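This briefing covers selected local features of one structure, grouped by topic for computational work. The sequence and the model are shown first.

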Amino acid sequence: MRISIFGLGYVGCVSLGCLAKNGHNVIGVDVNIDKINQINSGKATIIEAEIEDIIEEGFKAGKLSATTDIVYAIENSEISIVAVGTPSTEKGHLNLDYIFKVAENIGAALKDKNEYHVIAIRSTVLPGTCEKFARIVEEKSGKKSDVDFALVDNPEFLREGTAVRDYFNPPLTLIGGTSEKATSIMAKLYENLPGEIIIADTKVAEIMKYVNNTYHALKISFANEVGNICQSLGIDSLKVMDIFSKDKELNISPYYFKPGFAYGGSCLPKDLKGLQTLAHDLYVDVPVISSIDKTNQIQLNRAISLLSKYFGKKIAVLGLSFKAGTDDLRNSPSVDIVETLIGKGFDISIYDANIQMAQLTGKNKDYIEKRIPHLSSYMVENLENLVHNSDIIVVANNEKEFKEVLVSVKGKVIIDMVRLPKDVRVKNQYIGINW
């Protein structure tokens with residue numbers, strides 16, 4: 001393919017060399033004449049493992065060049081990749097001036113071009129940037145987005161020091177856009193790379209780099225806080241985290257990475273509190289670990305806020321235990337919600353086939369009797385009747401039984417903590433806790 005790359009900094013230079021190595025004809029575009037001269041001498045614009053050889057190889061093969069002439073670059077390419085910088089302002093906002101300047105330049109250059117053109121934003125941008133970029137191109141070119149040209153977001157996940165290796169060995173390639181034609185063209189560009197090619201909504205693609213890097217920062221901070229606690233106890237923290245990382249079933253897996261309701265149960269709250277207290281007693285400051293339960297409380301408050309507007313309505317809570325398949329009520333977020341709403345005079349009924357009042361024993365029984373003393377008076381045994389007779393249905397855990405019954409329900413207000421199937425969502429007034 002014929003490709004132009006706007007911006008010859010870190011991402012642009014790596015993309016230029018790697019695309020040329022894959023056999024594409026690539027033109028780099030930059031306002032910096034020194035960078036143009038470097039590329040046109042077969043030299044990289046950055047210091048990075050392997051990139052010097054790849055740029056030199058592509059230059060000698062006639063596969064890459066650079067120019068300041070935007071019109072020339074657009075006329076001689078079918079795809080433009082935008083890789084200009086998006087630095088932070090003093091207040092932490094992104095400076096998108098360079099991005100939108102490129103939009104103006106590309107729009108002006110497209111004005112007299114008759115071929116369909118794909119513009120892929122590779123820079124890290126905020127959700128909504130592609131939409132604004134497309135409007136600017138429309139204004140400057142007089143052409144129609146998703147007809148004469150199309151915008152896609154194609155975030156890069158390159159690490160400095162291993163960028164070339166990362167480019168050729170991606171765990172996935174993400175392309176976000178509204179034009180099937182454009183996303184198909186971009187998918188073809190990467191078809192020889194390993195890893196799944198994922199086509200997503202534009203805003204999903206735009207936010208992914210922020211989510212990824214924030215999580216990477218969180219992991220480092222979490223590991224450092226664990227390390228600080230371990231050091232105070234004379235424990236080898238590297239050994240601790242090495243063992244932690246070997247668990248790919250729970251510790252490093254998608255298992256817990258599902259937005260939804262608050263956590264609960266007998267283990268997570270207790271053990272989190274134990275580690276927080278240990279750090280406190282050792283005079284070790286652990287702000288990340290100390291804030292985890294605060295975030296959990298925010299999620300509980302969010303659920304209560306969603307329900308507070310329905311005072312006077314009949315509310316059915318499906319699931320009281322802290323998760324499906326158990327009768328454990330200890331620290332269950334559902335118990336928190338029910339306790340709060342009952343205290344405010346709400347009309348609450350509860351269904352949970354796992355909760356048999358006569359069989360509750362020990363700490364589980366003690367816990368619920370302190371929180372909701374007359375729980376049995378709120379429990380019902382027939383799920384279908386409860387759903388039929390209620391105005392508001394709160395799905396608080398992921399029991400299969402709930403989905404089977406709700407699939408035939410229409411016209412109810414459903415507040416969902418677990419992500420119900422689409423056919424349930426579209427037939428009712430549906431509210432997800434954070435989707």
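Lysine 209 and glutamate 156 are both buried, where buried means under 20% relative accessible area, exposed over 50% and partly exposed in between, with a 1.4 Å probe and protein chains only. The model is predicted: local features need pLDDT of at least 70, side-chain atom pairs count only at pLDDT 80 or more, and totals for chains, interfaces and linings use all residues. Residues are numbered from 1 along each chain as its sequence is written, and side-chain values use heavy atoms, with hydrogens and water left out.

**Salt bridges**

- A salt bridge is a side-chain nitrogen of Lys or Arg within 4 Å of a carboxyl oxygen of Asp or Glu; by this rule the count is 15.
- Lysine 209 forms a salt bridge with glutamate 156, with the closest N and O atoms 2.6 Å apart.
- That pair links distant parts of the chain, 53 residues apart: lysine 209 is in helix 9, and glutamate 156 is in the loop between strand 6 (149–153) and helix 7 (163–168). Helices (H or I, at least four residues) and strands (E, at least two) are DSSP runs, numbered from the N terminus.
- Arginine 371 forms a salt bridge with aspartate 336, the closest N and O atoms being 2.6 Å apart.
- Arginine 371 lies in helix 14 (residues 362–371) and aspartate 336 in helix 13, so this pair ties together parts 35 residues apart in sequence.
- Arginine 371 is partly exposed, at a relative accessible area of 22%.

**Helix packing**

- Helix 9 (residues 202–233) packs against helix 12 (residues 287–308) at an angle of about 110°, with the axes 8 Å apart. Axes are lines fitted to C-alpha atoms, for helices over the stretch in contact, and angles run from 0 to 180 degrees between N-to-C directions.
- Helix 9 is therefore roughly perpendicular to helix 12, a class that spans 65 to 115 degrees, with under 35 roughly parallel, over 145 roughly antiparallel and the rest oblique.
- Leu218, Ser221, Phe222, Glu225, Val226 and Ile229 of helix 9 meet Pro287, Val288 and Ile289 of helix 12, where contact means heavy atoms within 4.5 Å.

**Strand 11**

- Isoleucine 393 is located in strand 11 (residues 392–395) and is buried, with a relative accessible area of 0%.
- Leaving aside neighbours within four places in sequence, isoleucine 393 has contacts that include Ala316, Leu318, Val387 and Leu406.

**Backbone**

- Asparagine 331, although not a glycine, has a positive phi of about 60°; asparagine 331 lies in the loop between strand 9 (314–318) and helix 13 (333–343).
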